[in-house]
Amino acid sequence: MSELFPFKQVMGFVFSMVLTAVALGVYFFDMSFAVGMTVLLVTAFLQAGLQLVVFMHAGETEDKGAIYTNVYYGLIIALVTVFGTLLAMVWDMG
Amino acid sequence: MEFFERFAIPNPSFAIYASMVAAGITMIAIVAGLTYFKKWGYLWREWLTTVDHKRIGIMYLISALLMLFRGGVDAIMMRAQLAVPDNTLLDAQHYNEIFTTHGVVMILFMAMPFIMFFMNLVVPLQIGARDVAFPRLNALSFWLFFMGAMLFNISFMVGGSPDAGWTSYFPLADNEFSKSVGTNYYMIAIQIAGIGTLMTGINFITTILKMRAPGMKLMQMPMFTWSSLIANVIIVFAFPVLTVALAMGTMDRLFGTNFFTIDNGGMSMLWANIFWVWGHPEVYILILPAFGIYSEIFSTFSRRNLYGYKSMVWSMVLISLLSFLVWAHHFFTMGQGAFTNSIFSITTMAIAVPTGVKIFNWLLTLWKGKIEFTTPMLYAIMFIPLFTLGGVTGVMLAMSAADYQYHNTMFLVAHFHNVIIPGVVYAMLAGLTYYWPKMFGFMLNEKIGKWTVWTLSIGFVLAFMPMYITGLDGQARRLYTYSESTGFGPLNMVSFVGAAIMAVGFVLIVYNIYYSVRYASRDISADPWDARTLEWATHTPIPEYNFAITPEVKSSEAFWDSKKNGHVLFKGNYEKIHMPNNSGMPFVMSIIFFIWGFSLIFSLWIPAIVATLGIFACLTLRSFEKDHGHYISVKEIEDTESELRGA
Amino acid sequence: MDINHSLPLEYSTEENRLKIFGFWIFLGAEIMLFATLFAAYFTLYNRTAGGPDGAEIFQITPVFLETILLLTSSFTIGLGIHAMRLGRVKAMMGFFIVTLLLGLGFLSVEVFEFITYVHEGAGIQTSAFTSSLLATLGTHGAHVTLGFFWGLFILIQVKKRGLTPATANKSFIFSLYWHFLDVVWIFIFSFIYLKGMM
């Protein structure tokens with residue numbers, strides 16, 4: 001039975017639950033917007049990285065380089081799109 | 001009768017009725033012809049169900065040429081309307097419809113499939129592969145594109161044409177200001193074609209990264225393959241943005257949501273923003289493969305290797321990243337502050353740097369080369385000065401403060417035609433001439449070809465240079481007429497003459513095809529241009545499996561090495577070759593998509609739901625299907641090879 | 001079909017390797033799809049036009065439930081793939097069934113949540129905020145729904161055909177998809193719900 005529950009994945013799951021609990025802290029505790037956002041950003045990106053490496057086996061083949069490049073490229077452009085849009089449409093819109 | 005009224009055209013005219021008759025007669029002629037010559041089975045077996053990248057490529061080419069003429073007719077009508085002041089050839093409504101369809105057709109249904117044609121035909125051959133990574137997906141891509149294009153093209157005959165510009169800005173594009181179903185056509189037809197394009201992007205990235213011939217490292221890929229890889233990377237990251245924008249626009253129009261509306265908190269400017277997040281990378285999707293084609297042509301007809309291979313590659317990688325960082329320059333005047341405009345000004349100007357690197361690399365390839373003025377080379381030579389002019393005016397437009405003067409004037413129209421025509425269209429025509437013998441086994445006539453280049457170039461300069469001047473003088477784009485007192489008349493007349501000369505150029509291309517089909521020699525080698533890359537190393541006509549033996553590669557010019565430096569491309573013996581099976585599924589599924597789109601456009605909910613279920617049924621069937629392709633035996637390969645060598 | 005036995009079954013043929021790689025590229029496209037939805041949501045989220053805002057309609061209980069259900073299902077699909085690599089078909093199918101049930105549970109809570117929103121006057125037409133909120137959640141939910149049926153079909157194929165290079169390949173690709181939906185949910189959970197309730 002135990003071979004069906006590899007240590008790495010069980011720990012990954014526990015860690016993701018912990019991260020969820022930490023993120024929930026911004027709801028249950030009173031904190032400033034800046035602190036809250038920092039907590040959310042850190043926990044969300046850690047969770048995403050966890051899924052990618054532990055569960056999705058992103059680095060297990062010879063295509064590791066291309067797969068990570070693809071994900072990082074997507075991530076960079078995604079962030080540019082989100083923040084560029086906010087800049088042009090909200091923050092700097094007269 | 002009320003049900004049928006929705007399909008009527010809201011703004012009929014004689015020209016539209018004439019087109020309907022012409023379209024009807026053409027359809028009947030095609031059906032009658034296919035039946036008379038008993039070609040239905042041939043059409044189905046060899047074309048509609050094919051998964052062969054070369055045939056799919058040719059179908060892209062045919063679609064692109066058809067759309068080129070549709071878009072070209074739109075262009076001529078616009079220039080004719082503007083040729084003299086206070087002209088009444090077209091009214092405002094028809095002018096709006098025509099500039100809208102001209103833009104959409106030329107960008108999405110002419111330039112895009114033309115690029116897809118080259119990628120399909122050339123990339124697998126250049127990297128020594130048997131086909132693309134997912135041949136059936138490739139067929140689905142084509143058919144989705146094709147059905148999207150057809151859906152868009154029937155708009156002016158059924159229900160009314162879109163008329164909010166190819167950018168379809170809200171609030172003009174919402175239900176209040178665009179009451180006909182025209183803008184629904186825009187949203188849904190482009191959506192269907194766009195899904196196909198996204199799949200192509202995934203397909204070609206996988207093909208190029210995973211299926212190269214043994215020995216071909218990334219930095220040994222021919223330049224067209226590199227440019228295709230980068231263009232497809234941009235496709236994969238840009239097209240989902242368009243998908244979302246169009247879906248939101250559709251929801252606003254059909255389901256009363258409030259993304260881009262004026263009331264209930266909607267934000268019309270957000271459409272412009274999201275549209276250009278896709279729209280700017282899109283222009284690099286078009287231009288990069290064009291650069292790739294020029295690179296092949298410059299190198300082949302200068303009889304030397306491409307200068308600065310590495311800087312060519314890195315400049316394209318840089319362009320691919322920068323292309324996602326500049327979109328706000330399309331709306332400098334929309335109201336965001338100087339800070340934002342400065343950022344986007346700087347990133348925009350920065351793109352000129354890698355582009356300049358490429359221009360100099362081409363010039364230095366010519367330097368000390370043995371230049372041979374063939375038709376493709378003549379296009380490429382014309383491209384450099386004309387395109388550079390367009391690039392320089394681009395840098396002018398990039399300055400956000402100055403852009404307040406240029407914005408939405410004919411100056412802008414002159415600029416983007418000045419980059420797209422010498423940049424993309426010339427590359428497509430040059431590439432078409434260059435690859436024609438590989439596809440069809442005879443060359444296009446060189447003399448007519450060179451006449452065409454000169455005609456097009458003279459026409460181009462006459463048509464678009466005057467617009468820079470009238471634009472700076474304040475002639476706004478998309479206005480259907482102007483008064484005599486503006487003084488725009490004479491220069492617009494020059495533009496019209498230029499457009500007419502360009503039209504002659506395009507007619508010359510058709511004549512050239514006709515002439516060459518009849519008179520050109522069929523006795524040419526498989527490598528008539530004395531070229532350098534692998535696509536010329538196989539037979540003409542290209543066998544189904546491309547290469548009987550997978551070539552081995554040691555440089556970016558493997559074929560040249562085998563001709564001049566004793567490199568052995570094909571080692572070993574024939575082995576049986578695994579090939580994908582044909583399938584009717586992509587065609588059938590795309591037809592269902594067509595029905596789905598048409599039903600949504602006219603808010604016919606029941607057929608829309610049925611078609612949606614049909615699409616899911618196709619996906620389910622595909623999931624359960626077992627299809628592992630077939631093998632071509634060694635005997636068959638031997639027979640084909642000896643026949644092709646003998647011929 | 002050349003089968004390379006030194007690799008896990010899902011990677012064992014050329015076709016399989018191409019499909020897994022191609023799917024990764026597709027996930028890159030999906031990143032941009034959801035990024036665009038997020039960009040629109042963040043731009044529009046305080047444009048409520050007199051309708052309810054996030055703090056008024058978001059409730060912690062269903063959100064918490066959805067998160068736990070989806071995170072757990074991501075864990076179980078991972079175990080399913082692990083079991084597949086051990087060649088334990090029964091265990092693999094068990095984990096797949098649990099995953100799909102958890103997915104179904106997630107969808108039920110989400111449907112309940114949507115109905116509640118509509119009852120509270122936060123329908124898709126109410127304001128730019130509700131339009132973009134429901135479009136973002138709905139796109140994710142539609143992905144999960146599609147994934148449910150896709151996973152079900154693969155489960156049936158594994159049951160009927162056993163573990164072959166083809167079924168193993170499909171199962172693995174499905175697991176990538178399912179994990180990715182979990183990643184998207186984490187961002188929805190953090191930057192739509194928690195940020196909205198903060």
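## Two domains in chain B

Chain B splits into domain 1 (11–48) and domain 2 (49–583 + 627–646), with bounds that come from an automatic or database domain assignment. Their C-alpha centres sit 27 Å apart. Where they meet, domain 1 of chain B puts in 11 residues and domain 2 of chain B puts in 9 residues; two residues are in contact if their C-beta atoms, placed from the backbone, lie within 7 Å.

On the domain 1 side of that meeting, α2 (14–36) and α3 (40–48) of chain B supply at least two residues each. α3(B) gives the most, with 5 residues. This side of domain 1 of chain B is made up of 6 nonpolar, 3 polar and 2 charged residues. In this sorting, Ala, Val, Leu, Ile, Met, Phe, Trp, Tyr, Cys and Pro count as nonpolar, Asp, Glu, Lys and Arg as charged, and the others, Gly among them, as polar.

## What kind of model this is

What you're looking at is a predicted model: local features need pLDDT of at least 70, side-chain atom pairs count only at pLDDT 80 or more, and totals for chains, interfaces and linings use all residues. Residues are numbered from 1 along each chain as its sequence is written, while chains are lettered from A and ligands numbered from 1 in the order in which they are written.

The model scores ipTM 0.95 and pTM 0.96. For chain C, the mean pLDDT (the predictor's confidence in each residue, from 0 to 100) is 94, and 99% of the residues reach 70 or more.

## Chain B as a whole

Chain B holds 20 helices and 2 strands. Both are DSSP runs, numbered from the N terminus: helices are H or I with at least four residues, strands are E with at least two. Chain B is as compact as a globular protein of 647 residues, because its radius of gyration is 25 Å, close to the 26 Å from the globule rule. That radius is taken over C-alpha atoms, and the rule is 2.2 Å times the number of residues to the power 0.38.

Along its principal axes, the C-alpha trace of chain B spans about 70 × 60 × 50 Å. Of its 647 residues, 52% count as buried, meaning that 20 or more other C-beta atoms lie within 10 Å of the residue's own. Among contacts in chain B with a separation of 6 or more, 82% are between residues 24 or more positions apart.

## Where chain B touches chain A

This contact takes 15 residues from chain B and 13 residues from chain A. On the chain B side, α9 (268–302) and α11 (338–366) each supply at least two residues, and α9(B) has the largest share, 4 residues. By class, the chain B side has 10 nonpolar, 5 polar and no charged residues.

## Chains A and C

Chain A is assigned domain 1 (1–56) and domain 2 (62–94), and 22 Å separate their C-alpha centres. An unreviewed UniProt entry lists residues 12–29, 35–59 and 71–91 of chain A as "transmembrane region"; such annotations may be inferred rather than shown by experiment. In the model, residues 12–29 of chain A are 94% helix and 0% strand, with end C-alpha atoms 26 Å apart. Residues 71–91 of chain A are 100% helix and 0% strand, and there the ends lie 28 Å apart.

For chain C, the "transmembrane region" spans in UniProt (unreviewed entry) include 21–45 and 57–81. Residues 21–45 of chain C are 96% helix and 0% strand, with end C-alpha atoms 36 Å apart. Residues 57–81 of chain C are 92% helix and 0% strand, with end C-alpha atoms 38 Å apart.

Key
A residue is buried if 20 or more other C-beta atoms lie within 10 Å of its own, exposed if 12 or fewer, and partly exposed in between; C-beta atoms are placed from the backbone.
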